[in-house]
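This report covers how two chains meet in a model. The sequence and structure are shown first.

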Amino acid sequence: MAHGNAHAQSNSHSHAPSHEGHVDLESLRLMGFWIFLITDCILFGSLFATYIVLHGNTAGGPTASELFHMPGVIAETFILLTSSFTSGLAVLSMNQGNRKGLIGWLVVTALLGASFITLEVTEFVKMVHEGATIGTSGFLSGFFTLVGTHGLHVSLGLVWMTALMIQLGRHGITPVTRRKVNIISLYWHFLDVVWIFVFTIVYMLGVM
Amino acid sequence: MAQHSGNEHEHEHENQHEHEHEHEHEHEHEHESHGSLKSYVIGFLFSLVLTAIPLMVVLNHWLAGTAAKVVLVGAAVLQFVVQLVYFMHLREEKKPRWNLLALIFGLIVLMTIVGGSVWIMTYNVVSH
């Protein structure tokens with residue numbers, strides 16, 4: 001603990017003098033990631049548009065209200081909401097120079113993310129067993145593409161977060177890992193926002 | 001926030017250095033900053049409430065048709081704003097607000113794609 005604090009402090013100290021040239025570059029990188037998130041937003045927008053257009057075309061297959069099991073979806077939603085909050089707490093610990101807290105909250109976030117993915121995959125497997133595959137109807141093609149793309153983003157985030165935790169364990173809180181934590185937390189909040197719209201447009205409006 | 005009140009005390013004593021301190025503030029704000037525990041907790045509570053409202057409306061059948069749709073989409077949009085403000089700290093961005101501008105541009109493209117597709121396909125006679 002004492003070691004972690006000393007480490008972080010020495011970092012913020014060695015950081016201060018070189019701040020002029022450094023901050024610009026780091027904030028520029030953060031902005032680059034922000035622009036990636038916006039293009040990702042447009043990707044999801046296209047998938048949402050496709051889903052909305054196709055959601056009535058069930059081709060004699062199951063409809064949304066027959067297919068969706070809300071308890072699982074509600075659990076997924078609250079799990080992802082909480083993980084968005086805990087990734088914020090990770091950033092907060094980092095800003096206080098608390099490496100253990102930072103890694104701890106990242107672990108909690110990753111575990112919540114993993115349970116989200118487990119629930120989602122279970123849901124998908126169940127649907128496929130019920131005969132609702134991606135090829136069954138336009139509605140299900142749109143559904144699996146949209147929700148699956150989001151799930152893929154979360155899975156990718158989990159791999160990335162694990163790699164970052166290893167880096168943090170090795171190097172501690174440096175300007176580079178600091179930027180990476182800020183970026184992954186942005187990414188995680190973004191995925192939560194996308195899920196809120198999946199939850200609203202696909203599930204809630206589907207079962208209504 | 002605690003840092004601020006601590007430094008304010010110093011301000012009173014060293015007016016000469018006030019300018020330098022302000023610079024430090026900016027530096028902290030840009031680099032460390034990004035919210036307090038309070039703002040994260042408020043954001044989290046808001047997002048829980050904004051998720052609970054649509055759930056109650058739909059599962060208890062409080063509203064139906066267009067009214068329910070408006071409440072659901074409204075809650076989702078508010079949730080988006082809550083995440084942007086309390087978790088992604090969009091409001092704390094400094095003056096040339098490129099992030100905000102990029103976001104607005106992205107949202108315009110998004111609206112055009114989603115709104116345009118839905119609008120075209122709603123009145124598309126061939127697809128029905």
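How many residues does the contact take from chain A and from chain B? Chain A gives 41 residues and chain B gives 45 residues, where contact means heavy atoms within 4.5 Å.

## Basis of the values

This is a predicted model, in which local features need pLDDT of at least 70 and side-chain atom pairs count only at pLDDT 80 or more, while totals for chains, interfaces and linings use all residues. Residues are numbered from 1 along each chain as its sequence is written, chains are lettered from A and ligands numbered from 1 in the order in which they are written, and side-chain values use heavy atoms, with hydrogens and water left out.

## The interface

Between them, chain A and chain B bury about 4000 Å², with 81% of it on carbon and sulfur atoms. Buried area is the accessible area (1.4 Å probe) that two parts lose on being put together, summed over both. A:Trp34, A:Phe85 and A:Met208 supply 16% of the area that chain A buries against chain B, more than any other three residues.

On chain A, the elements that give two or more residues to this side are α2 (19-54), α4 (70-95) and α7 (175-207); helices here are DSSP runs (H or I, at least four residues), numbered from the N terminus. The largest share, 14 residues, comes from α2(A).

## A helix pair across the interface

The axes of α7(A) and helix α4 (residues 65-87) of chain B come within 10 Å and cross at roughly 175 degrees. Axes are lines fitted to C-alpha atoms, for helices over the stretch in contact, and angles run from 0 to 180 degrees between N-to-C directions. That makes α7(A) roughly antiparallel to α4(B), a term for angles over 145 degrees. Residues in this contact include A:Phe197 and A:Met204 of α7(A) and B:Phe80 and B:Phe87 of α4(B).

## Salt bridges

A salt bridge is a side-chain nitrogen of Lys or Arg within 4 Å of a carboxyl oxygen of Asp or Glu. A:Arg29 forms one with A:Glu26, the closest N and O atoms being 2.7 Å apart. Both residues lie in helix α2 of chain A, 3 residues apart, about one turn of the helix.

Note on methods
Parallel < 35°, antiparallel > 145°, perpendicular 65-115°, else oblique.
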